[in-house]
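Please look at the sequence and the model together while reading this report. It moves from strands to a helix and then to charged pairs.

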Amino acid sequence: MTVIAKVHFSHPDMALADVIRALPDADIRVLQDVSTDPVHGQHFFTTDADDPAAFEAYLAADHTVTAYRQVADYENQPVYSVEFTAETLLLGPAVVEHGGFALEAFQHEGGWVERWQLPDRGSLQSVWEVADDRSFEFDILELYRVSFDERSASTTLTDKQQAALATAYEMGYFEHPQETDLAAVADALDISTSAASGRIRRGISSLIESFPERFPDLDVS
């Protein structure tokens, strides 16, 4: 029986530890749409940081980062390829080692929130033991089972996505004709237009993926 676990963890030597401390409100997330490989050193991140130059300065100074470069854009946000030092503590390799993989990962409250798919509870226990051995602060936020015949759905909106969708809805962004535009929604949220666009897009995608039974003609697996 496959399990889905949503966890929060933090450690002084976790990935991007210094960047997260310096930019606690930035939306930094692992880009799952590309072949992120935590075993062989390639990690891809996006961010809605308003000042890319400042973000890159924090990347360069982060004690967990050995190299980085901007490689592309995704939903109007820069994509960075980051390589970590050998001393950086990562849980991704333990998840992979125990037959799992990450469905989602983003910065939240001084650490990382990640959603993992694992073969069973024993696999999750093994990953937790790795985290405990390395003195991570580790909390399981959600845990549910998924069978191949009956798939459970869990809404995976982040707080920022929820705020963006709620603000856009209340301001009439989704009305036809529109009662407001994206720039006004971004101003209300005090973020950039590209950041507002990304949060709304990802929020809508998360809602659709959370309720696949409502969209039988779409491949949301």
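## Strands, a helix and salt bridges

Strands β6 (residues 101-108) and β7 run antiparallel and are joined by 7 bridges, where strands (E, at least two residues) and helices (H or I, at least four) are DSSP runs numbered from the N terminus, and two strands pair if DSSP finds at least two bridges between them. This is a predicted model, in which local features need pLDDT of at least 70 and side-chain atom pairs count only at pLDDT 80 or more, while totals for chains, interfaces and linings use all residues. Residues are numbered from 1 along each chain as its sequence is written, and side-chain values use heavy atoms, with hydrogens and water left out.

F9, found in strand β1, counts as buried at 4% relative accessibility. F9 and D139 are 130 residues apart in sequence, yet their C-alpha atoms are 6.3 Å apart in space.

Helix α5 (residues 159-170) has 12 residues, which at 1.5 Å a residue should span 16 Å, and its end C-alpha atoms are 16 Å apart, which agrees; the expected span is 1.5 Å times one less than the number of residues. Which residues of α5 are buried? They are Q161, A164, L165, T167 and A168. These residues cover an arc of only 165° around the axis, which puts them on the same side of α5, the arc being that of the directions from the helix axis to the C-beta atoms. The face turned away from this buried side carries the exposed residues D159, Y169 and E170. After α5 comes G172, whose phi is positive, near 85°.

The structure holds 6 salt bridges, each defined as a side-chain nitrogen of Lys or Arg within 4 Å of a carboxyl oxygen of Asp or Glu. Three of these pairs are listed below.

| Pair | N to O distance |
|---|---|
| R21 and D18 | 2.3 Å |
| D48 and R199 | 2.5 Å |
| E104 and R115 | 3.5 Å |

R21 and D18 are 3 residues apart in helix α1 (residues 17-22), so they are separated by about one helical turn. R21 counts as exposed at 52% relative accessibility, whereas D18 is partly exposed, with a relative accessible area of 21%.

In the salt bridge between D48 and R199, the pair links distant parts of the chain, with D48 in the loop between β3 (43-47) and α2 (52-61) and R199 in helix α7, 151 residues apart. Both D48 and R199 are buried.

E104 and R115 form the remaining pair in the table, linking strand β6 to strand β7 across 11 residues of sequence. E104 counts as buried at 9% relative accessibility, and R115 counts as buried at 13%. Both belong to a network of salt bridges that links D27, R29, E104, R115 and R202.

Key: Buried < 20%, exposed > 50% of the residue type's maximum accessible area, 1.4 Å probe, protein only.
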